[in-house]
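Have a look at the model first.

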Amino acid sequence: MGIRKGGNAGLILATTGGGVWDLLHTIPATTIQGVTFPSRTFVIRKVMWYNNTGANATLQIGTQNAVPGFIPLLPTIYAVNVFDGELTEDELPLVEFCLVSPVAAAAVRFKGNAYVLASVAGVMIAIEVEEFGA
């Protein structure tokens, strides 16, 4: 059993849009003699959003690799204008965010943090995560 908490990048985040990845949750890591190792992993248990931007929006939640590039890990969310929505753990696929070994090839070396990529600016989003590990 893990520790449940809200996304540590801010309880509620307004998306930036325009191809910018907005940080939702940071995975803690430990560095020993210059090498970074994961100290925890996490699973997103709930995603909540509210869109009042004047346009429908898409939200992609994923992580970043070392290149850097955005790697979507959850299905795309369609956020209809002037409506709120949520996905709970029963509706979300089980995806564990983790730091991939720094000795892996650069293109597949995940950073482990959770980001959202929104098609428009101003969508409000919040997540609840469950962290595992030391």
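Is Tyr 115 buried or exposed? With a relative accessible area of 11%, Tyr 115 is buried, since the cut-off for that label is under 20%. Keep in mind that this is a predicted model.

## Aromatic pairs

Searching the whole structure turns up three aromatic pairs. One of them joins Trp 21 and Tyr 115 edge-to-face, at 6.2 Å centre to centre with 70 degrees between the planes. Trp 21 sits in strand β3 (residues 21-25) and Tyr 115 in strand β12 (residues 114-118), so this pair ties together parts 94 residues apart in sequence. Trp 21 is partly exposed, at 27% relative accessible area. Together with Phe 70, Trp 21 and Tyr 115 make up one aromatic cluster.

Then there's Phe 42 with Phe 97: ring centres 4.8 Å apart and planes at 5 degrees, so the pair is stacked. Phe 42 belongs to strand β6 (residues 40-51) and Phe 97 to strand β11 (residues 96-97), so here the parts being tied together are 55 residues apart in sequence.

## Around Glu 130

Phe 42 also shows up among the residues that Glu 130 touches, a list including Met 1, Gly 2, Thr 41 and Arg 45. Glu 130 is part of strand β13 (residues 124-133) and is buried, with 5% relative accessible area.

What does the side chain of Glu 130 have 2.9 Å from one of its polar atoms? That's the backbone nitrogen of Gly 2.

Notes. Residues numbered from 1 in each chain as written. Predicted model: local features only at pLDDT ≥ 70, side-chain atom pairs only at ≥ 80, totals over all residues. Heavy atoms only, no water. Helix = DSSP H or I, 4+ residues; strand = E, 2+ residues; numbered from the N terminus. Buried < 20%, exposed > 50% of the residue type's maximum accessible area, 1.4 Å probe, protein only. Polar contact = N/O pair within 3.5 Å; in protein donor to acceptor, adjacent residues only side chain to side chain. Contact = heavy atoms within 4.5 Å. Phe/Tyr/Trp six-rings, centres within 6.5 Å; stacked < 30°, edge-to-face > 60°. Lists of a residue's contacts leave out its neighbours within four places in sequence.
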